[in-house]
Amino acid sequence: MDRLEKAIEKARAERATVNPSLMNPSLSGAAALARGAAPAFNGRSTPVFAPPSPSGDEPDEAQMERNRVVAHHTRSPEADIYRQLRTQVLHIMNKEGWRSLAITSPNYGDGKTTVALNLGISIALDLKQTVMLVDLDLRKPAMHRYLGLNPTVGLTDYLVKGVPLTDCLTRPPFERLNTLPAGSALDNSSELLASPRMIALAHELKTRYPDRLIIYDMPPVLNQDDPIAFLPQVDAVLVVVRDGVTRSDDLKRCLANLAAANVIGTVLNVCQ
Ligand SMILES: Nc1ncnc2c1ncn2[C@@H]1O[C@H](COP(=O)(O)OP(=O)(O)O)[C@@H](O)[C@H]1O
Ligand SMILES: [Mg+2]
C-alpha cells in the first residue's frame with residue numbers, strides 16, 4: 001500500500017459520513033485506472049464513433065489521445081479500467097436512484113477532467129444510459145479542448161447573457177453523449193454556480209430524462225469555494241487524487257470540505 005493509499009484509508013477511517021463499502025471498490029478501481037493509463041497507444045485499440053453530428057462537431061482523435069481521452073477505444077487496457085470504474089459508479093448510482101455526479105479533487109491538475117470525460121464516454125457507450133457532461137470549471141475550462149472541440153458559447157453565456165441552452169450544447173459524436181461547455185471564462189464563478197438560474201438548470205438537467213446521468217467536471221475543492229457552493233445540487237461526488245502529487249493533508253482537507261456530500265469513492269490517478 002503506498003503512502004497515498006494509506007492516507008486515503010486513514011481519511012476514510014476518520015470520516016464516519018463515508019460509507020466504507022462504497023469507498024473500497026472505487027479505490028481499487030482507481031489504482032488500476034492509474035496503472036492502465038500509462039502505456040502509449042500501440043495500434044491495438046480501435047476508436048468507436050457514432051456518425052458525425054449534424055453540427056459538424058467532430059472530436060480530434062489525436063488531441064483526445066494526447067489528453068488521455070481513451071474510453072472509446074476497444075481492446076485497450078485503459079478503456080477496460082474505465083469500464084470497471086463505470087460498472088462501480090453505475091452500480092452505486094442506480095442502487096441509490098441518483099442521477100447527478102460531481103467529479104472533483106483537492107487541486108488543479110489531479111485528473112478531474114480526464115476522469116470525467118473518460119467516465120462519461122464509457123457510460124454513454126454502455127447502451128442503456130445517456131450522459132450529459134457539464135464543464136463547471138468556469139475559470140479554467142478544459143473539457144472541450146481535450147476533445148479537440150472549440151465551442152463558441154456555453155454555460156456562462158446561458159447564465160449571464162441568456163443565450164438559449166440548446167445553442168450552448170455541443171454534441172461530440174458519441175451516441176447518447178451530450179456536453180455543455182463552460183463558455184466564456186470568468187472569475188466570479190462561485191456566485192454563478194450558486195445562482196437561482198444555475199440551481200434551476202441543475203434540477204432541469206437531472207429530472208427531464210429519467211435515463212440520463214449528469215456528470216459535472218468541477219473545479220478543485222481547495223483553491224476556491226465553487227464546488228462547495230454547487231454541491232447541494234448533486235447527488236454524489238467522486239474524488240480524484242493524483243498519485244505522487246496529492247498531499248495527504250490536502251486530501252484530508254478536501255474530504256473534510258466534502259463532509260456534507262455523498263462521496264461515493266476515490267479515483268487514484270497514477271501518471272507516468
Ligand atoms: N493518468 C494520466 N496519465 C497521463 N496524463 C494524465 C493522466 N491523467 C491526467 N493527465 C494529464 O494531466 C493534466 C491534468 O489533467 P486534468 O484532467 O486536466 O486535471 P484537472 O481537471 O484535475 O485539472 C492533463 O494534461 C492530462 O492530460
Ligand atoms: Mg479540469
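Why does D135 count as buried?

A: Quick housekeeping before the close-up. This is a predicted model, with local features needing pLDDT of at least 70 and side-chain atom pairs counting only at pLDDT 80 or more, while totals for chains, interfaces and linings use all residues. Residues are numbered from 1 along each chain as its sequence is written, with chains lettered from A and ligands numbered from 1 in the order in which they are written.

Now, D135. It counts as buried because it has 27 C-beta neighbours inside 10 Å; the cut-off for buried is 20 or more other C-beta atoms within 10 Å, exposed means 12 or fewer, partly exposed is in between, and C-beta atoms are placed from the backbone. D135 belongs to strand β4 (residues 130-135). Strands here are DSSP E runs of at least two residues and helices are H or I runs of at least four, both numbered from the N terminus. Beyond its neighbours within four places in sequence, D135 is in contact with P141, M143, H144, L155, L180, P181, A182 and D217, where contact means C-beta atoms, placed from the backbone, within 7 Å. Take L180 from that list: D135 and L180 sit 45 residues apart in sequence, yet their C-alpha atoms are 6.3 Å apart.

Step back to the sheet. It is open, has six strands in the order β5-β4-β6-β3-β7-β8, and pairs in parallel; pairing takes at least two DSSP bridges between two strands. β5 (177-180) and β8 (263-269) are at the edges with a single partner strand each, so one side of each has no neighbour in the sheet. From one strand to the next, the twist averages 20°, with axes fitted as lines to C-alpha atoms (for helices, over the stretch in contact) and angles running from 0 to 180 degrees between N-to-C directions.

Moving along the sheet, β3 (residues 100-104) and β6 (residues 212-217) share four parallel bridges, and L101 stands opposite I215 of β6. Helix α4 (residues 77-96) packs on the sheet here, touching β3, β6, β7 (236-242) and β8, and its direction makes about 170° with that of β8.

On to β7, where seven of seven residues are buried. A236, L238, V240 and R242 point one way from the strand, and V237, V239 and V241 the other. β7 is joined to β3 by four bridges, running parallel, and L238 in β7 stands opposite I103. Six bridges link β7 to β8, again parallel, and L238 has G265 as its bridge partner in β8. The chain gets from β7 to β8 through α12 in a right-handed β-α-β crossover, meaning that, with the strands pointing away from the viewer, the path from the first strand over the helix to the second runs clockwise.

As for α12 (residues 248-257), its buried residues are L251, C254 and L255. These cover an arc of only 95° around the axis, which puts them on the same side of α12; the arc is taken from the directions from the helix axis to the C-beta atoms. Exposed D249 and A256 are on the face turned away from that buried side.

Methods:
Contact = placed C-beta atoms within 7 Å.
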